[in-house]
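Biologist: I'm new to this one, so could you put it up and walk me through it?
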Amino acid sequence: MSDAAVEKKQSVSKCIYWVRTGQTTVDAAVDGNNSKNTPNVELTGLGVDHVNRLQKAFAHQTFDTVFVSPLRAAQQSLVTMRIQSKTIITDDRCRAWKQYPSDFLPTERVRSESLEDLYGRVASFLETLASLPDSTILVVTHPEILSMIFEYDVPCGTYVVQQTT
């Protein structure tokens, strides 16, 4: 490897680990009533097992900053992983689809934020990550946020991105 290549490789020292929450009770619903109008749900036993495996994988890793969704599954995942970090930030931009109560009947399905709004929220979050100094960052979030980043080509900047599931 040339000296220039080594120098360039060493200049990238921001590393972001993306962690999806463990399985939730909504994820595990098999009766077709996968009620997306209740996003603030608990992890299942299997979800806790998934997160425990991550805890072992990150046992010797210290993160400069951790960003976590304010929703229960993400918070529970982070606590279960026992992550070592200088700074933990609960950031609403990491949360699952925002849900709004029905304007009419309490039995109506709730409205969600638009795909465009979700994209804007994720893009804003990624701009924040890009503005941080070189560091090791953990983001604990939800599947739709990860899908937006990895499938919809939201710009991620020029740093190392590692997805962990």
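Modeller: Let's start with R20, which counts as partly exposed because its relative accessibility is 26%, where buried means under 20% relative accessible area, exposed over 50% and partly exposed in between, with a 1.4 Å probe and protein chains only. This is a predicted model, in which local features need pLDDT of at least 70 and side-chain atom pairs count only at pLDDT 80 or more, while totals for chains, interfaces and linings use all residues. Residues are numbered from 1 along each chain as its sequence is written, and side-chain values use heavy atoms, with hydrogens and water left out.

Biologist: Where is R20 found?
Modeller: R20 belongs to strand β1, which covers residues 15-20; helices (H or I, at least four residues) and strands (E, at least two) are DSSP runs numbered from the N terminus.

Biologist: And how far apart are R20 and H142 in space?
Modeller: Their C-alpha atoms are 5.3 Å apart, although 122 residues separate R20 and H142 in sequence.

Biologist: Zooming out, how many helices and strands does the protein have?
Modeller: There are five helices and seven strands, and along the sequence they follow the pattern α-β-α-β-α-β-β-β-α-β-α-β.

Biologist: What share of the protein's residues is buried?
Modeller: Of the 165 residues, 39% are buried.

Biologist: Changing topic, how many disulfides does a search of the whole structure find?
Modeller: The search finds zero disulfides, a disulfide being a pair of cysteine sulfur atoms within 2.5 Å.

Biologist: Is C94 buried or exposed?
Modeller: C94 is buried, because its relative accessible area is 1%, and C15 is also buried, with a relative accessible area of 16%.
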